[in-house]
Amino acid sequence: MSCDLTDPAILEAYQDIISGTPTNWLILGYHDTRDKISLYSRGTGGIDELTSNLKEEVLYGFVRIEDRFALLAYVSEQVSGLRRARALVHGKAVGALFKASSVQINTSSLAELTEERVRTRLGLIDGPPTPEASSPVMPSTPVAPTGSPVPAPRPATPVSPAHVAPAPSSPAFAPAPVAAPVAAAPIAIDTVVQSVAEVPSSPSPIRTGSPRSGLSTPRTERQLEIEAAERKVREEMERQRRAEAAKRQRETEEREAREQELFAQKQALELERKRKEESDRIAREAMKKQLIEMERLRGSGLSGYLTIQVAGSPFWKRRFYVMQGQTVSLYRDEIGRAPIMELKVGGQVVHIADASLDVLIPNSFRIDFKNGDSHYFFSDSTKDKEMAIAGFMKCNESA
């Protein structure tokens, strides 16, 4: 339940107030946010002007009266219990920021924010005596120990030093010496007990004991309401924490499940790719053997059409090729007499790979040569592509 007090206007107004400038009050509020507190207003008209700017919401005020400062926490009666509890916690944070304050006044009634009342709280006006100070104090009276006879009260009679009435002589009582004048007779224990019993009793507020001082402090209905609201806030925060933890756990499990699924898919794709490469390699090896046998029997090599993009050129050219021995001859067409270009393939090929993703053309492939050149090709069909690759492999191995 922490709050945001980073608005620079807050400290600016606070410094103006405590440094003795004409500005002597400010008001902070939330501006329809949950935890961000910012400056609402400031002025020079004192406590009366401050209270006239209060609204029916949670607000914090700071005012200078003479050389003392008061922090005000105003919580309207229309504010919910949850916001009241939050205001109690945030009020402590505001008080920690406004270190010059001599007193903090928490109220929900504008009647308690008159200048006279605030001056009294600041000690600038002697306030009415507290109930403890105005309660009668019983005079100290010597009390006889338990079990001792207590003399009955008797009126004080002035005694003249010149004449003392003789006491009647009796064999049971001896005359007593004359004592000094008595101002007041001692009070009997029974009389004190009766007087205390006759004092009317009044209902006492709920008190909570202090473990340190042994004294008790009254807990008002407002405090009970705030404690209930704080307890509700803690319960709600605990519920949200558990829900957030469960959500994070669920998201973690879902993410791990997706990662496992993607890993399984990746493994399956990798296995499929390797299977296909092995299948293509076996098929090309078979084609290569057929080409070698055909060239041996007929004396002619593989021929057909390829579209080629030679290294360093942005253009594609369709050419008729003839593979003989270690050389691939490229002609303008199948009736051309002289080749336009010849590729010395024998022992020069480093790698042959599919290029469909590189050039975005179906049935395309790339051949990397030892001199660093890379030529791109594509055929009219998948069968023509596989046959051409097998022919390049045969030419490369003929060296």
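Biologist: Where is Asp32 placed?
Modeller: Asp32 is in the loop between strand 1 and strand 2. Keep in mind that this is a predicted model.

Biologist: What is its phi, positive or negative?
Modeller: Positive. Asp32 has a phi of about 65°, although it is not a glycine.

Biologist: Why mention glycine?
Modeller: Most residues other than glycine have a negative phi.

Biologist: Is Asp32 buried or exposed?
Modeller: Exposed. Its relative accessibility is 84%, and the cut-off for exposed is over 50%.

Biologist: Why does His31 count as partly exposed?
Modeller: Because its relative accessibility is 45%. That falls between the 20% and 50% cut-offs.

Biologist: New topic. How many residues are in the largest nonpolar core?
Modeller: It has 21. Leu26, Leu28, Tyr60, Val94 and Phe98 have the most contacts inside it.

Biologist: Which elements supply at least two residues each?
Modeller: Helix 1 (8-18), strand 1 (25-29), strand 3 (58-65), strand 4 (68-75) and helix 3 (81-97).

Biologist: What does Tyr60 touch?
Modeller: Leaving aside residues up to four places away in sequence, its contacts include Leu26, Leu28, Ile37, Leu72, His90 and Val94.

Biologist: What about a second core?
Modeller: That one is separate and has 19 residues. Among them are Tyr321, Val328, Phe392 and Cys395.

How values were computed:
Residues numbered from 1 in each chain as written. Predicted model: local features only at pLDDT ≥ 70, side-chain atom pairs only at ≥ 80, totals over all residues. Heavy atoms only, no water. Core = buried A, V, L, I, M, F, W, Y, C linked by side-chain atoms within 4.5 Å. Buried < 20%, exposed > 50% of the residue type's maximum accessible area, 1.4 Å probe, protein only. Helix = DSSP H or I, 4+ residues; strand = E, 2+ residues; numbered from the N terminus. Contact = heavy atoms within 4.5 Å.
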